[in-house]
4 protein chains.
Amino acid sequence: MIKVGIVGGTGYTGVELLRLLAAHPNVALQVITSRADAGTPVNQMFPSLRGYVDIPFTHPDQANLESCDVVFFATPNGIAMQQTRQLLDAGVKVIDLAADFRIKDVAEWEKWYGMTHACPDLVAEAVYGLPEINREQIKTARLIANPGCYPTAVQLGFIPLLEAGVIEVGGLIADAKSGVSGAGRKAEIPALFSEAGDNFKAYGVAGHRHLPEIKQGLSNVVGNPVGLTFVPHLTPMIRGIHATLYGKLTRDVDLQALFETRYANEPFVDVMPSGSHPETRSVRGANRCRIAIHRPQGGDTVVVLSVIDNLVKGAAGQAVQNMNILFGIDESTALNNVPLLP
Amino acid sequence: MIKVGIVGGTGYTGVELLRLLAAHPNVALQVITSRADAGTPVNQMFPSLRGYVDIPFTHPDQANLESCDVVFFATPNGIAMQQTRQLLDAGVKVIDLAADFRIKDVAEWEKWYGMTHACPDLVAEAVYGLPEINREQIKTARLIANPGCYPTAVQLGFIPLLEAGVIEVGGLIADAKSGVSGAGRKAEIPALFSEAGDNFKAYGVAGHRHLPEIKQGLSNVVGNPVGLTFVPHLTPMIRGIHATLYGKLTRDVDLQALFETRYANEPFVDVMPSGSHPETRSVRGANRCRIAIHRPQGGDTVVVLSVIDNLVKGAAGQAVQNMNILFGIDESTALNNVPLLP
Amino acid sequence: MIKVGIVGGTGYTGVELLRLLAAHPNVALQVITSRADAGTPVNQMFPSLRGYVDIPFTHPDQANLESCDVVFFATPNGIAMQQTRQLLDAGVKVIDLAADFRIKDVAEWEKWYGMTHACPDLVAEAVYGLPEINREQIKTARLIANPGCYPTAVQLGFIPLLEAGVIEVGGLIADAKSGVSGAGRKAEIPALFSEAGDNFKAYGVAGHRHLPEIKQGLSNVVGNPVGLTFVPHLTPMIRGIHATLYGKLTRDVDLQALFETRYANEPFVDVMPSGSHPETRSVRGANRCRIAIHRPQGGDTVVVLSVIDNLVKGAAGQAVQNMNILFGIDESTALNNVPLLP
Amino acid sequence: MIKVGIVGGTGYTGVELLRLLAAHPNVALQVITSRADAGTPVNQMFPSLRGYVDIPFTHPDQANLESCDVVFFATPNGIAMQQTRQLLDAGVKVIDLAADFRIKDVAEWEKWYGMTHACPDLVAEAVYGLPEINREQIKTARLIANPGCYPTAVQLGFIPLLEAGVIEVGGLIADAKSGVSGAGRKAEIPALFSEAGDNFKAYGVAGHRHLPEIKQGLSNVVGNPVGLTFVPHLTPMIRGIHATLYGKLTRDVDLQALFETRYANEPFVDVMPSGSHPETRSVRGANRCRIAIHRPQGGDTVVVLSVIDNLVKGAAGQAVQNMNILFGIDESTALNNVPLLP
């Protein structure tokens, strides 16, 4: 059994980790920490877990995380970097669901996240946990930077095109739409039901923190810097990201075959039949990315539609997928639940 | 392996049955019928099933249902009664998710459902599939009438009070609220997003088909006819029923202990701590009923709050629970998934 | 022109007051205060007001409210009572949309609201602003306690029955459902989209602050204390209250005629045809209460369905109605906009 | 008083026309037709209109539309073209809210709409009713083709850039998101609450009927054919369109000033301050387009955000605006209601 600890279990990625890990046959959940809610039974805060998770939140100071095999950080940005070195030194694997180790360029990270990084050397060591790109490195990693939700949906949609070199890399457009759970379980007015409900808006057009993460990933694929316009939007649903991606083709190619071949052996990427329009609900609660490729009116613009559940393939599910790879067990363990529709 | 057939797989109870059965280790899904969509791959209509269900819909005439061990009817009312005798004669167990076999008083049934019953003798034989009341009879049944969604939530909330004889049986009130999926996957204007969204209304106050079903069940518990006012409402969410039940206490009793004792051994009824307010999302996607009991201001009115997922404990999940009981396997098999929250 | 001031304009009742007053031909809006947002243009916080309201929020200390003819308090409970005496002394009329002056029994008020009342004598003077009951007193009032949202919907539904003395007064039940805007524009986790969305729950079953207000109003009608069980619920929509009211008839009566007669001259109460099920969206954005009366199966339980927009007839619209009465202008002025459907 | 007739009043554009016209001081509503619902009071189908519209639907054969001054067609495509000539011959002005007269290239229209056009000569005569482009022609028109919802939002966002010649015209991208009311009040499964709710998807990527309409409008502005990729999406809200528009700048320009100047005298186009993110709810129920312009990271991609209420500025409101222009009355008459927020 893998002894698992979770730091910061009161947000949506935390409860989602618990939902997935509660059904994981190889996992023994040791501890979930929360500074503010120490002592509260987890299933009092999240009654959905009644019957599945029976422990209380533990104060970080009492957590004894060093005795775990792996620790997930489901914390705000800037927390994991304070505690990771100590855990690694104790032989504990670390999977950070926040952004502390995602951006290799530390100066860039510090600019976007507005703080000084506590351990730049560990940033260098960390493996970016997108298995469809980095599966081999993940197997032997000590520290995994679990990708952001938008970056997962956008990268999986662009990767086959960029690897094949069939689109212009200077003018990529990613128009992405997220459900409100992407904003986290924080008491903030814009995320209120009466603000976000029955409403649609863009945000962060001038610059969103996921922009450098996406650009880094895509540039790595190309081997050169890409040009990307990224516009995130908030849509009145709870879970789900829909990325609509635009690129200009530089040569003729069988796009459907390109994608099907690229993802033929990927358990969690589903290339849908030609002409499809994937819906976010088709992946609700599941660790899947569904993708469809279009070339409207046979022109030179390719349109890729990519959907994920932001809390699963975009966060907790991908983290469990990384854990499975890391511990050499079947990558799909505890990740094979059928999406909830309707 | 239990060989399973499903008649009528294009509605919400059908796709929900498929979701649950796809993960059932003892089930071999043989056939799913649809007259209108024969030949269409099931997962083309429901892309959430891609990777889990790979067969097409079969025309009823080609279905060979007699070779199954059990057949679920996820059809409109009036279909199952046409085909059940033939299946029973062939040794097939039948679980009807519609209302054909729920009401023992056939004349009453015909009044509410507006058609002549095709096989009143089988109505007499059928076992009402509420395991919390009829578990023993279910074990040996040939034909199970799976309860309605409202009747499940309302009966589970009233049963302990009525069994204990602590409330007046003449003036029961059930104020129930359902998500829109309860209306089925039918092209009807009142169920449109732009009609049901951001809106709340009662319906069927003069009389709803679940009224005689609930009265029958509660009267059986009491041994005498009960008086019940049942007011259903439509609320702008997809899944879930919340029943708010009112009764007048006839004597002092420890209500919390009464409920906890009654349901102590029930795997799918969760009596919440005193003072709780169960939320429908706490059972989303799960075969559970969560109940809380209140006695406002210490008066003589008891208020019971009872929530289920109408498509699971109120339909497909309960049907699988009945199948598990019927075939002598662990009652919780394939029904232990954690509710999806948020 | 009536010179109007608004204290506390950053919540939902504040922006709703602005929406209605911006179109009022007899109103000159003088000032809107906000301590936290002083200096911010109102229409920067609420872009829906661009082109209609061009002033900024004013700090309370600079507001010069004494120069107004009437001041609306759209503040949290406990604010209006601090400032009302000074305004009344200056000859300014006061309409409080919060609860400071609603409960005549000051000890009861202090128990439910958890604070000491600053001016019990003004509580005695205040007129409860439900025009359908108190129109004459409103005309000459200095201080109006604008009713709560639930109390408006519930009282308008019960009043005809209680005035006529046709139901038992000891066992009234009010099962009420509110949209999330009823919780206000406050950064609190339970009101987040991802918490309140696709979810339904009861709350405050043990006791809600609107209970004493409703009981006071109904008891005044009867002339004796009534017994009431009040269960509020949160439903995933933005605006709207649906109250489902239950009473036990003590004699036979033409219920439809009773209600139609009672409200024949009321501009903002619409008694719908027999058999109707009013929808909350049918009053969205409008100062109306629509009511339908049912007597299921001809039994002795009467069911009244009463819907309002909680922000209009349940708050800001009723406040403007009260202002219109107070200043002797047509009661419907600025309140005749057609509900927004869909 | 302008005598007004409406053909096809049972859809969302019909009820929205009624909402707006009921408050129009210069309009006398003569007749609303419906073949299926003749005889039914309009306010029985739409209780929101109780107290405002008291006439029943009239059968088309009894409608006597020739006695009107203007007739609005709120019908499916292909109806208006059957009746327009007769009305024009009788001296009646016609405003078609459907697509019959929007596309000048009749062969193109017939390809997209799958029918033969009944009166190509009237297509040639019809004026495209986008006042921000065609105000002068509208004044003297007999027949107005009211623009589609997507075309309104997209054209208003692109026009200033194209008129100024500051973007490449070959690679325009319009990523548009619509609320579900855009699908109309038709009983179709994809528009059900349980299908469209809590879900996001693209549709019609291969080709949507609004594509040729938008291309025609933009090409007219440029004087040459433009290249456009148009991807519509369905978002789980009732009203609203959000168009996110992308263009490649060909030279440096003060984009904010460009837009502010272009729309300085337009009563229904609001250019928001630099850096804004317009929300669809900021125009809910109102005849407005709000626009913001961005140039992310100072690159050469311009991003325009354009929001409208699809049923108002995208349909019924624009139709009333056109009527006002046509009859020489203040263009804002009956169109000045404040948006409903929240």
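Visitor: How far apart are the C-alpha centres of domain 1 of chain A and domain 2 of chain A?
Guide: In this predicted model, the two centres are 27 Å apart. Domain 1 covers residues 2–125 of chain A, and domain 2 covers 149–310.

Visitor: What makes residues of domain 1 of chain A and domain 2 of chain A part of the contact?
Guide: A pair is in contact if the C-beta atoms lie within 7 Å. The contact takes 10 residues from domain 1 of chain A and seven from domain 2 of chain A. On the domain 1 side, helix α4 (residues 106–113) of chain A gives the largest share, three residues. That side has five nonpolar, two polar and three charged residues.

Visitor: Why is chain A called as compact as a globular protein of that length?
Guide: The globule rule gives 20 Å for 342 residues, and the radius of gyration of chain A is 19 Å; the two values are close, so the description applies.

Visitor: What share of the residues in chain A is called buried, and by what criterion?
Guide: A residue is buried if 20 or more other C-beta atoms lie within 10 Å of its own. Of the 342 residues in chain A, 61% are buried.

Visitor: How many residues of chain A are in contact with chain D, and which strand supplies the largest share?
Guide: By the 7 Å limit between C-beta atoms, 38 residues of chain A are in contact with 38 residues of chain D. The largest share of the chain A side, four residues, comes from β10(A). That side divides into 16 nonpolar, 14 polar and eight charged residues.

Notes
Residues numbered from 1 in each chain as written. Chains lettered and ligands numbered in written order. Predicted model: local features only at pLDDT ≥ 70, side-chain atom pairs only at ≥ 80, totals over all residues. Contact = placed C-beta atoms within 7 Å. Helix = DSSP H or I, 4+ residues; strand = E, 2+ residues; numbered from the N terminus. Nonpolar A, V, L, I, M, F, W, Y, C, P; charged D, E, K, R; others polar. Domains from an automatic or database assignment. Rg over C-alpha atoms; globule rule 2.2 N^0.38 Å. Buried ≥ 20, exposed ≤ 12 C-beta atoms within 10 Å, placed from the backbone.
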